[in-house]
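Let us walk through this structure step by step.

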Amino acid sequence: MNQKIIALLSGLLFGLGLGLSQMIDRQRVLGFLDVAGAWDPTLLFVLGGAVAVTAVAFRFVLRRDRPLFGSRFCLPSRRDIDGPLLAGAAIFGIGWGLSGYCPGPGMVALVLVSWQPLVFVAALIAGMAAYQGYQSATQSSNRATQSNS
């Protein structure tokens, strides 16, 4: 089956799950993140369910030589915790806490035709562009430093 069709079907299934679990409702998410106030633990079941299914399913899936619709598994090889990982996690957490959206639910929430997800997705794209610019500048600077050495 074509990889693009698999990606489309996976995205539709993921979006449906986000909608059914109400993870696209920013008030529900903000209530979940408000652990010191009026905490709403309902999304804990969504997160717990995802972790439980993954923990069980990966044991069976990773025994295979390759995925059903791919040539190889693409698993992360790095296991270290470094500054950029911690900084990115902190920035992600701040953005999630301020907006009530993370990238997947934010994209799915576009179907609500509300201004909040539109602003979120625009800011998400701007953040990705800023990071690309930072990466390009850092790589150019590193190449210039190496050629001067």
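Buried means under 20% relative accessible area, exposed means over 50%, and partly exposed lies in between (1.4 Å probe, protein chains only). This is a predicted model, where local features need pLDDT of at least 70, side-chain atom pairs count only at pLDDT 80 or more, and totals for chains, interfaces and linings use all residues. Residues are numbered from 1 along each chain as its sequence is written, and side-chain values use heavy atoms, leaving out hydrogens and water.

Take Trp96. Its relative accessible area is 19%, so Trp96 is buried. Phe92 has 41%, so Phe92 is partly exposed. Both sit in helix H4 (residues 83-99), 4 residues apart, about one turn of the helix. Helices here are DSSP runs (H or I, at least four residues), numbered from the N terminus.

Now the rings. Rings of Phe, Tyr and Trp (its six-membered ring) pair if their centres lie within 6.5 Å; planes under 30 degrees apart are stacked, over 60 edge-to-face, and the rest tilted. This rule gives 4 aromatic pairs. In one of them, Phe32 and Trp39 have ring centres 6.4 Å apart and planes at 35 degrees, so the pair is tilted. Phe92 and Trp96 have centres 6.3 Å apart and planes at 40 degrees, so this pair is tilted.

Phe32 is buried at 10%. Phe32 is also among the residues that Leu43 touches, not counting residues up to four places away in sequence. Touching means contact: heavy atoms within 4.5 Å.

Terms used
Helices (H or I, at least four residues) and strands (E, at least two) are DSSP runs, numbered from the N terminus.
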